[in-house]
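Visitor: I'd like to learn how to read helix packing and cores in a model. Can you walk me through it?

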Amino acid sequence: MSEIELRNVGKNYGSVPVLDDISLDMGSGEFVVLVGPSGCGKSTLLRMIAGLEDISSGEITIGGKIVNDMPAKERDLAMVFQNYALYPHMKVADNMSFALKLAGVSKAEIHKRVAEAAEILGLEKLLDRLPRELSGGQRQRVAMGRAIVRDPRAFLFDEPLSNLDAKLRVKMRGEIKKLHQRLGKTTIYVTHDQTEAMTMADKIVVLNGGKIEQMGPPLELYKNPRNLFVAGFIGSPEINLMHGEVDGQSLRLADGAKLLLPTEIDLAQGRRIVYGIRPQHIGLADNGVAAEVVLVEPTGDAQEVLLRIVSSDISMVLSEAAPLQPGQKVTLGFDPAKVLLFDKDSGERIR
């Protein structure tokens, strides 16, 4: 059953369209991540669901009830922002309980909910501290605790980890995912970081220019992107994309280099296409494509290697500890089953 539904939702600022014809179902207990580049409309969409932005067209339903004209406070949603939005003069316990006090909840119930949320988030020893006495990660947990105590129908997160350092972001990703698993509430999470999207989501919605490019489980988007935009946005390091023309059973690049094409796809001679292969699907081989090592970046258990084929640069992730050096000549093997082909003009996937 869908907990939140969007039907042909649009948003204009004056005559400028920001979101166009967005239709999306979010199931009960589902973790949905809205991802896309800056300016694609993902935060605006989240704010429209929350009731903080009016919609220009379409319909939003929460729990089977149309909420287009319902104020934010009546939608039974809890939102966690990027900037924490804590009251600096209030202690942690008061920050977490403030909305409950405004709603007239009894002191006993408030104490119970705050204690439960503090236990979930590991805040028991911090309840008497002020926000300025907390680290960034602790402040974010307080903001999450403030949302939890309300026991909402769904949680909305608007890039909540952007202000944290890389190590803390990884830790907090796990905290939010564990929180979701424990509470089982529908969660909508906005980010521009595709790694966050891949590791946290049940369903990813890729937005671009105010439209949905593709949605589905993370691995489905990774393995079967619908177009060049999705292929380039999902996956780290970024997919290698090489432009050329079909020449027999090969793709001839502009510099004359040739790459073998999958035999199961029938392509017209001379057709302009884009050849996509992820860095993880390239390896060293005895026979294959000649290349030169340009740069080697050790990452611990693997190496990210930049290589040059004639004048085209591609990247490879190599798990084995092969002692590669810049300037070294190597031969590359591409897994033909993992090659993705796209039409040069439309950007759509060729299947």
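Predicted model: local features only at pLDDT ≥ 70, side-chain atom pairs only at ≥ 80, totals over all residues.

Visitor: Where do α2 and α4 sit in the chain, and at what angle do they cross?

Guide: Helix α2 covers residues 92-102 and helix α4 covers residues 136-148. Their axes come within 8 Å and cross at roughly 35°.

Visitor: Which residues make the contact?

Guide: Look for heavy atoms within 4.5 Å of each other. From α2 you get V92, N95 and M96, and from α4 there are V142, G145 and R146. By type, that contact splits into 3 nonpolar, 2 polar and 1 charged.

Visitor: And the core? Which residues have the most contacts inside the largest one?

Guide: A core is read as buried nonpolar residues joined through their side chains. The largest here has 43 residues, and M96, M144, I176 and Y189 have the most contacts inside it. Take M144: leaving out residues up to four places away in sequence, M144 touches V80, L121, F157, M172, I176 and L179. Apart from that core lies another, of 31 residues, including M242, I265, L267 and V293.

Visitor: V80 belongs to a strand, β6. Are the faces of β6 covered or open?

Guide: For a strand, check the side chains on each face. In β6, residues 77-80, both faces are covered: L77 and M79 are buried on one side, A78 and V80 on the other.

Visitor: How many bridges join β6 to β7?

Guide: There are 4, and β6 runs parallel to β7, residues 154-158. Within that pairing, M79 stands opposite L156.

Note on methods:
Residues numbered from 1 in each chain as written. Heavy atoms only, no water. Axes fitted to C-alpha atoms, helices over the stretch in contact; angles between N-to-C directions. Helix = DSSP H or I, 4+ residues; strand = E, 2+ residues; numbered from the N terminus. Nonpolar A, V, L, I, M, F, W, Y, C, P; charged D, E, K, R; others polar. Core = buried A, V, L, I, M, F, W, Y, C linked by side-chain atoms within 4.5 Å. Buried < 20%, exposed > 50% of the residue type's maximum accessible area, 1.4 Å probe, protein only. Pairing = 2+ DSSP bridges.
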